[in-house]
Amino acid sequence: MQSVCAGPLAWRPETARSALAVVDFARDTDSGLHLPLPFLGGTLRAESWLAAGPPETGEVRGLRYAAADGLCHLRIRVERGPDDAVIGEDVYRRLLAARHDLDCPHLLRVWHYLGRINVGEGDDENYKRFCVGRARALEDHPDALERLPAATLVGAAENVLELHALIGREPPRPIENPRQVSAYDYPRQYGPRQPTFARAAAVGGDGGRPQLLVSGTASIVGHATRHVGDPAAQARESLANIDAVLAAAAPIVGPVDRGDLDCLKVYVRHAEDAPRIMAEVAAGVPAGVPVAYLKADLCRSDLLVEMETQVTRR
């Protein structure tokens, strides 16, 4: 698998024939996928996930898919209902079943975009209800729990759940962050069921180029939010957590640093905070790394920024 992070040109015809997915952040064209998130700026305007040849496309269990070379990209979009636990469980059961239909049994990377993510009090918050549903589905598939994927879950600007996933024939190698409690070990205060994902996943590398997929990463140390109310400090802490994940992955993918990032996606809760966050990213990330800024609510109401990235060894 290869990811190509595109700059001002969002769709490149020479890659279209081998693209499992082309995600157009800036809505520059009618080609590819458009996320349910407002684009706030940046040099990263699209992302392509490429396979070795033209993919087979179709639909299975309500998910659209593109498959080639032992890899598959799937996506589904559903309207939210009265209980996100029910929706989350249903979508995950479809996803987990589709793995076997497509002979790609391993979850590698999952993105979730959930409308009204922070609505609800205590355990009834929509994000926490979604985590309950996801956990219910996964507990019936212990094989998926053995090697958790990298993941991001942020708020959608529309009242939907949209899920994108990369799955494959070869399993990922999950990686955790030594600065953070693993999400699946969070204490009860964060909800009745823990979020179920790895901080990063290393994929490929057997005769190819290893790739590190880093989950959505925020200003959390241990299990507590740091720098409440300070978007600039939260941006710096998020980058420090990415550094820690890169260091933890070095035995698998080799030594890497911020200069090796393919790209960086930055989710910003409040658009008015974007200039301060952009300044921190510009100061902390080499200029050659393409960056996209997207407006999204985040899994905790006190988080103001979240980042995700990937590294492909050349």
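A: **The sheet that ends in β11**

In this predicted model, β11 pairs with strand β12 (residues 200-203) through three bridges, in the antiparallel sense. Isoleucine 175 faces alanine 200 of β12 across that pairing.

The sheet is open and has seven strands. Their order is β3-β17-β16-β18-β13-β12-β11, and the pairing is mixed. From one strand to the next, the twist averages 15 degrees.

α5 lies across β11, β12, β13 (211-218), β16 and β18. Its direction is at about 25 degrees to β18. α6 also packs on the sheet, touching β3, β16, β17 and β18. The direction of α6 makes about 155 degrees with that of β16.

Now look closely at α6. This helix spans residues 274-284, and its buried residues are Ala274, Ile277, Glu280 and Val281. Viewed down the axis of α6, these buried residues fall within an arc of 130 degrees, so they line one face of the helix. An α-helix has 3.6 residues a turn, so residues three or four places apart point the same way. Pro275, Ala282 and Ala283 are exposed on the other side of α6. The cover over the buried residues includes β3 (39-42), β16 (263-268), β17 (291-295) and β18 (305-312). α5 (231-253) is also part of that cover.

**The six-stranded sheet**

Another open sheet has six strands, in the order β5-β6-β7-β10-β8-β9. Its pairing is mixed too. The edge strands are β5 (56-60) and β9 (150-156), and each pairs on one side only. Neighbouring strands are turned by 15 degrees against each other on average, direction ignored.

Strand β8 (residues 106-115) and β9 run parallel, joined by seven bridges. Glycine 115 stands opposite alanine 156 in β9. Helix α3 (residues 126-138) lies across β8, β9 and β10. α3 runs at about 150 degrees to β8.

β10 (residues 160-168) contains glutamate 162. Glutamate 162 is buried, at 7% relative accessible area. Its side chain makes a polar contact of 2.9 Å with the side chain of arginine 77. Beyond residues up to four places away in sequence, glutamate 162 touches His34, Pro36, Ile76, Arg77, Trp111, His112 and Tyr113.

β4 (residues 46-50) is mostly covered, with five of its five residues buried. Ala46, Ser48 and Leu50 are buried on one side, and Glu47 and Trp49 on the other. Strand β2 (residues 19-24) runs antiparallel to β4, and five bridges join them. Alanine 19 has leucine 50 of β4 as its bridge partner.

**Cysteines**

The whole structure has zero disulfides. Cysteine 104 is buried, with a relative accessible area of 2%. For cysteine 131, the closest cysteine sulfur is in cysteine 299, at 7.9 Å, again too far for a bond. Cysteine 131 is buried as well, with a relative accessible area of 1%.

Terms used
Residues numbered from 1 in each chain as written. Predicted model: local features only at pLDDT ≥ 70, side-chain atom pairs only at ≥ 80, totals over all residues. Heavy atoms only, no water. Buried < 20%, exposed > 50% of the residue type's maximum accessible area, 1.4 Å probe, protein only. Helix = DSSP H or I, 4+ residues; strand = E, 2+ residues; numbered from the N terminus. Arc of directions from axis to C-beta. Contact = heavy atoms within 4.5 Å. Polar contact = N/O pair within 3.5 Å; in protein donor to acceptor, adjacent residues only side chain to side chain. Pairing = 2+ DSSP bridges. Axes fitted to C-alpha atoms, helices over the stretch in contact; angles between N-to-C directions. Disulfide = S-S within 2.5 Å.
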